[in-house]
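Subject: Structure for your review

Dear colleague,

My findings follow it, and I would ask you to read them with the structure open beside you.

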Amino acid sequence: MILQDPSIQGKIVDLLAALILLSAIVLVSRKRLRASIRTYAVQSRLLALLTLTVAFFTESPHLYISATLTLLVKGWLIPEIFLRVVQRLQVKRELETSLSIPSSILIAGALVILAYTVSYPMVGLGRLLTRNCLPISMSMVLIGLFIMATRQAPVTQVIGLVTMENGIFLAAISVTYGIPILVELGIFVDILIAAMILGIGWV
């Protein structure tokens, strides 16, 4: 069967990881809050799909739990809470940033290059199916931090935070195929983030 070929499996995982990275860069370019929320939702659903794919290829049952929780909590619940907060606050204006969109995209690209440069030696030593996901996960953490630093609206800063969390989650999968305790930790972090979002809505 073609899907049993490790090289084909690696290419599928790499493609999904590349799409996740693209969504993070697109997030930097978004000017409107609702568009940013929808982009984050797409990113989280792609992350859930990648986790499901790795679970299938590596026969790791706990990753099926991770994929389901990622889809429900990050791909649906958190974006839905974001949208409800935006609706309650009646936010319609464009997002305020300390840098122009072209400059932000260039810096995001530089952060990706930095992540690949730093992680390249580790990728070369790796033998796992997900080894090429490591620089992408580092890129997402840096891009999420960049969003938090340059966006002024509290909601967009939280979007930067959850993007960083997605990057950390991807790193766990890329290095160890995830471990069960990370599932529990991920649930805790997501609940905490959801509580923060709800808190913003009541400010």
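A salt bridge is a side-chain nitrogen of Lys or Arg within 4 Å of a carboxyl oxygen of Asp or Glu. Please note that the model is a predicted one. By that definition, the structure holds two salt bridges.

One of them is formed by Lys74 and Glu165, whose closest N and O atoms are 2.8 Å apart.

I turn next to the packing of helices. Helix α2 (residues 33–58) packs against helix α6 (residues 154–176) at an angle of about 10°, and their axes are 11 Å apart. Angles under 35 degrees count as roughly parallel, and α2 is therefore roughly parallel to α6. Among the residues that make the contact are Leu33, Ile37, Tyr40, Leu47 and Val54 of α2, together with Val155, Ile159, Asn166, Phe169 and Ile173 of α6. Sorted by class, this contact of α2 with α6 has twelve nonpolar residues, seven polar residues and no charged ones.

Finally, there is a nonpolar patch on the surface, formed by Leu49, Leu52, Phe56 and Tyr64. Together these residues have about 370 Å² of accessible area. Helix α2 gives the most to the patch, with three residues; Leu52 is one of the residues that lie in α2.

Yours sincerely,
A colleague

Definitions and conventions:
Residues are numbered from 1 along each chain as its sequence is written. This is a predicted model: local features need pLDDT of at least 70, side-chain atom pairs count only at pLDDT 80 or more; totals for chains, interfaces and linings use all residues. Side-chain values use heavy atoms; hydrogens and water are left out. Axes are lines fitted to C-alpha atoms, for helices over the stretch in contact, and angles run from 0 to 180 degrees between N-to-C directions. Helices (H or I, at least four residues) and strands (E, at least two) are DSSP runs, numbered from the N terminus. Angles under 35 degrees count as roughly parallel, over 145 as roughly antiparallel, 65 to 115 as roughly perpendicular and the rest as oblique. Contact means heavy atoms within 4.5 Å. Ala, Val, Leu, Ile, Met, Phe, Trp, Tyr, Cys and Pro count as nonpolar, Asp, Glu, Lys and Arg as charged, and the others, Gly among them, as polar. Patches are made of residues with over 30% relative accessible area and no salt bridge: like charges are joined within 9 Å, nonpolar side chains (Val, Leu, Ile, Met, Phe, Trp, Tyr) within 5 Å. Accessible areas come from the Shrake-Rupley method with a 1.4 Å probe; for residues, only the protein chains shown count as cover.
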